[in-house]
Amino acid sequence: MTRDPDDPPARRRFLVQGAAAAAALVGGRAQAEEAAPPAIPAWMKAPGADVGSQTYGTPSRFEADVIRNVPKGLKQYTSASSRTPLQDLDGILTPNGLFYERHHGGIPDIDPARHRLMIHGLVETPLILTMDDIRRFPSESHIHFLECSGNPGFEAIKGKTASDLVGLVSCAEWTGVRLATVLREAGLKPEAQWVVAEGADAAALTRSIPIAKCLDDALLVYSQNGERLRPQQGYPLRVLLPGFEGNMNVKWLRRLNVTAEPAYSREETAKYTDSMPDGTARQFTFVMEAKSIITRPSGTQRIAPGFHEITGIAWSGRGKIRGVQVTTDGGRSWQEAALQEPVLTRALTRFRLPWTWDGQPTTLMSRAIDETGYVQPSLSDLTAVRGLKSFYHNNATVPWRIAESGEVTNGYA
Amino acid sequence: MAMRNARALAAAFLLLGLAGAASAAERYGLGRPATAAEIAAWDIDIDRDGRKLPPGSGSVAQGHAVFEAQCAACHGARGEGGVGDPLVGGQGSLASAKPLKTVGSFWPYAPTLFDYIRRAMPMNAPESLSADEVYAVSAYILNLNGLVPDGAVLDAHALAAVRMPNRDGFVPDPRPDVR
């Protein structure tokens, strides 16, 4: 049933697709022959660039197309988003320069020496902390994903690549102090139920965080993947709420107002609420439910018959990923994918499944199961309950259609 | 300095005297107390009941002028939307196939309109409007939505008294809702 990749018809078809297709994905002997260097290539015959020729290293120039996916033609770019190129990445950690962006008032340029965090409201001692103060608290590092609540919407899921579809998710190792530690430094009063976090950006973005989350795994973060936060991710200080929707993880954090009630700010009433068919809107929809996507093969790639490792990422805001199932026959049967260790709570988890494509058109899809037993739903299961207008929290399975030509396209488009 | 010492002393008492509470009350003596004046200058949060709305007032007519100068370029001459979100209309549309979410149709609380305009608008110059201007432009947007009369003048009390049509339109998160 499985066609040998070296059998003549398959080989010929692959070769006529040319260099662009070869560069796209598949490797294999045909590509190796075409791109083979001389026995002693030029870069072995003279010394390379000097040590320290880049004082902050950047990727190879041959990787220049691995960049953030910035939507074209938006009405404005002050309050907008750009996506991580998921299909170009391996492992579970997102390079800081490729971490997705969502800003509501642009990216502020903050001098950390002039940045302060104020804690006030229902506390015994309102405090002002410098960045030096904050870095003196006991620190912790944890790997967690961060995902925009609208990744993607429910209507017109027409993107071509994995990044177009769910590129508003990234994952990093975050270092900072537990929010609980800082709140206890100010001393919580018994009636404290919420903490209203405000950013020092031009949106002064404000979200209310329930006290239980603040005292659980919430962090005040100053470093990401070992270096200080990038300005796009909240330099010099941000909130990190593992598993909660991205906009609550307030960047450029400058104020924590401890309150008895939520702020009912614009972001948690008019903006980040989920409209239902009956006209109501769900409010305080914090958690990002279990989700996965195959990143290779994925949209705009082209595959040849023969062996492929199907790989992708899975995550859940409720804890660890228990398993990922993959279908290679459009949903008729599902196979258990291997999970790459470490499998961490509220972090991206890499999955893999070996697969031999027989050259027949089919559809690939993955579905995640998290440690609560929750199974990633289909889009039709979701919209049957929520309609088409809720926009946020679409965690549906993503189908990749594979044509006889090997071209991979969005199964929703 | 005296306050800081007093705080350190209090922390020491907590650590030494209240052993049972020590794990919850462990403090590191970092930072300094924020003064009432500093908090007042930083804290711009307005809750849904408007209890912290500042002094000042503004009329629909004044708001019309502020809107034309500061808002119309993005939100349209009459709040119909453009580069910025539509602010007007949509009442009765939320349960339809084409819900139009605006201040008039969707926002649940009038005081948080003041909060958002003051903190984030206009987008090119946030926190540049005076309290009077924010009251005025809030009044104008509410008037465009038919929620206050043409002659309305809004202050802290009057803004907090505006009942928004969608006040009861929000429900708690029932997820997991799909299994």
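This is a predicted model: local features need pLDDT of at least 70, side-chain atom pairs count only at pLDDT 80 or more; totals for chains, interfaces and linings use all residues.
Where in chain B is the place of Glu127(B)?

1. Glu127(B) is placed in the loop between H6 and H7 of chain B, and its phi is near 60°, a positive value in a residue other than glycine. Glu127(B) counts as exposed, because it has 12 C-beta neighbours inside 10 Å and the cut-off for that class is 12 or fewer. As background to this point and to several that follow, most residues other than glycine have a negative phi, and most peptide bonds are trans.

2. The loop between H6 and helix H7 (131-144) of chain B also holds Pro122(B), and the peptide bond that leads from Met121(B) to Pro122(B) is cis, with omega near -10°.

3. Arg346(A) belongs to the loop between strand S19 (338-339) and strand S20 (349-357) of chain A. What is its class, buried or exposed? Arg346(A) counts as buried, because 25 C-beta neighbours lie inside 10 Å, where the cut-off is 20 or more.

4. A cis peptide bond is also present in chain A, from Arg296(A) to Pro297(A), with omega near 0°. Pro297(A) sits in the loop between strand S15 (291-296) and strand S16 (306-315) of chain A, and the two strands S15(A) and S16(A) pair with each other in the antiparallel sense over five bridges. Within that pairing, Ile293(A) stands opposite Ile313(A) in S16(A).

5. S16(A) is also joined to S20(A), by nine bridges, and these two strands run antiparallel; here the bridge partner of Ala314(A) is Thr349(A) in S20(A). Eight of the 10 residues of S16(A) are buried, so this strand is largely enclosed by the rest of the structure.

6. An open sheet of six strands, with mixed pairing, has the order S8(A)-S7(A)-S12(A)-S3(A)-S4(A)-S1(B). Strand S8 (206-210) of chain A and strand S1 (32-33) of chain B stand at its edges, and because each has a single partner strand, one side of each is left without a neighbour in the sheet.

7. Within this sheet, strand S3 (residues 116-121) and strand S12 (residues 253-259), both of chain A, pair in the parallel sense over four bridges, with Met118(A) opposite Arg255(A) in S12(A). Strand S4 (residues 127-130) of chain A, by contrast, pairs with S1(B) in the antiparallel sense over two bridges, and there the bridge partner of Ile128(A) is Arg32(B).

8. The contact between the chains takes 48 residues from chain A and 44 residues from chain B. On the side of chain B that touches chain A, the elements giving two or more residues are helix H2 (22-25), S1, helix H3 (36-42), helix H6 (111-120) and strand S4 (170-171) of chain B. H6(B) supplies the largest share of that side, five residues. By residue class, the side of chain B that touches chain A divides into 26 nonpolar, three polar and 15 charged residues.

Note on methods:
Residues are numbered from 1 along each chain as its sequence is written. Chains are lettered from A and ligands numbered from 1 in the order in which they are written. Two strands pair if DSSP finds at least two bridges between them. Two residues are in contact if their C-beta atoms, placed from the backbone, lie within 7 Å. Ala, Val, Leu, Ile, Met, Phe, Trp, Tyr, Cys and Pro count as nonpolar, Asp, Glu, Lys and Arg as charged, and the others, Gly among them, as polar.
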